[in-house]
Amino acid sequence: MAAMSHLEIQQFICRSDNYGVLVHDSRTGTTISIDAPDAKAIAENLRKRGWQLTHILTTHHHIDHVEGNLELKELFACKIIGPEGEKDKIPGIDQTVKGGDTFELARRPVKVFDCPGHTAGHVAFHFSDDFLLFAADTLFAMGCGRIFEGTAEEMYHSVNQFRSLNAMTSVYCGHEYTESNAKFAVTIEPGNRALQQRYQDVRRKREKNEMTCPTTIGEELATNPYLRCDSAEIRKVLGLEGASDADVFAEIRTRKNNFS
Ligand code: ZN
Ligand code: FE
């Protein structure tokens, strides 16, 4: 079998705290934008790298993820692939996908995860041969998305299905929320040294205005409270020693909503 080509990635912050992510395969000339938060910023980054946009992978219908769709489609005639469950809310969508699907892009498999919770039809894209996960607003560094259209139980499963991925998988997120996530996480698991250390590291990075993503599945397993509902310390702090992991998850999410 021929050696697989290497994907190049350009990540940048746009709007206020959205991540723009471009994925490029030089062998096939494929360039993918993960969501389209800001057409102008995306076009500028494409120009910088000399890439022609061929695809947009849409994770969910929120405006800060689809606002650039039509403008980019007009500029590049790119193909827009997004979740079947939200097809009526995604401007310019050409192809729909759902959890369990695998499709081919740049001659490699892309696997689709259903991630209900933040929105009902939210999907994540997993480039399994490249160890890349595009999780958008489901899994953040040391955090997870707010639950707008689903239940805490659904969000628990959406987030925790990623535990089975290879620990070295790079995780790209929809927003730079890492510092506030870490600030909260240390309050419910203060004895987690990996978490404390990462919090300090993230504070230093943000002081210099550096991006803190991508993260990895391994780092998240060690520090993300939403993947650590079985932690004895978290359970003790929350007073939920005997509860189910899903109930611990729900309590963490509720406390984060009320944290400032
Ligand atoms: Zn969203
Ligand atoms: Fe968002």
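Student: Which residue bridges the iron ion (ligand 2) and the zinc ion (ligand 1), and how far apart do the two ions lie?
Tutor: D137 bridges them, and the ions lie 3.2 Å apart. Keep in mind that this is a predicted model: local features need pLDDT of at least 70, side-chain atom pairs count only at pLDDT 80 or more, totals for chains, interfaces and linings use all residues, and side-chain values use heavy atoms, without hydrogens or water. Residues are numbered from 1 along each chain as its sequence is written, while chains are lettered from A and ligands numbered from 1 in the order written.

Student: Which atoms coordinate the iron ion (ligand 2)?
Tutor: Donors are N, O and S atoms within 2.8 Å of the metal (3.2 Å for Na, K and Ca); water is not among the atoms, so sites may look incomplete. The iron ion (ligand 2) is held by D64 (OD), H65 (NE2), D137 (OD) and H175 (NE2), at 2.0 to 2.4 Å. Along the chain, these donors follow the spacing D-H-x71-D-x37-H. D137 and H175 link distant parts of the chain, 38 residues apart. D137 sits in the loop between β10 (132–136) and β11 (139–140). H175 sits in the loop between β13 (170–173) and α5 (178–188).

Student: Why is the arrangement around the iron ion (ligand 2) irregular?
Tutor: Four donors are tetrahedral if all angles lie between 85 and 135 degrees; four are square planar and six octahedral if opposite donors are over 155 degrees apart and all others between 65 and 115; anything else is irregular. The four donor atoms of the iron ion (ligand 2) subtend angles of 86 to 169°, so the arrangement is irregular.

Student: What about the zinc ion (ligand 1): which atoms are its donors?
Tutor: H60 (NE2), H62 (ND1), H118 (NE2) and D137 (OD) coordinate the zinc ion, at 2.2 to 2.4 Å. Their spacing reads H-x1-H-x55-H-x18-D. The zinc site is irregular too, with angles of 87 to 172° among its four donor atoms.

Student: Where does T58 lie?
Tutor: Helices (H or I, at least four residues) and strands (E, at least two) are DSSP runs numbered from the N terminus. T58 lies in the loop between β4 (55–57) and α2 (63–66). T58 has 0% relative accessibility, so it counts as buried. Contact means heavy atoms within 4.5 Å. Beyond neighbours within four places in sequence, T58 contacts residues including D35, V66, N69, I80 and F125.

Student: How many aromatic pairs does the structure hold?
Tutor: Eight. Rings of Phe, Tyr and Trp (its six-membered ring) pair if their centres lie within 6.5 Å; planes under 30 degrees apart are stacked, over 60 edge-to-face and the rest tilted. Y156 and F249 have ring centres 5.8 Å apart and planes at 75°, so this pair is edge-to-face. Y156 is in helix α4 and F249 in helix α9, so the pair ties together parts 93 residues apart in sequence. Both Y156 and F249 are buried. F184 and F259 also pair edge-to-face, at 5.2 Å centre to centre and 65° between the planes. That pair joins helix α5 to the segment after α9, 75 residues apart. F184 is buried at 3%, whereas F259 is partly exposed at 28%. Ring pairs also link F127, F134 and Y172 into a cluster.

Student: Why is strand β3 (residues 30–34) described as largely enclosed?
Tutor: Five of its five residues are buried, so the rest of the structure largely encloses β3. T30, I32 and I34 point one way, T31 and S33 the other.

Student: Which strands pair with β3?
Tutor: Two strands pair if DSSP finds at least two bridges between them. Strand β2 (residues 18–25) runs antiparallel to β3 over five bridges, and H24 stands opposite T31. β2 and β3 form a hairpin with four residues between them, where G29 has a positive phi of about 70°. On β4, the pairing with β3 is parallel, over three bridges. There, S33 stands opposite I56.

Notes: Buried means under 20% relative accessible area, exposed over 50%, partly exposed in between (1.4 Å probe, protein chains only).
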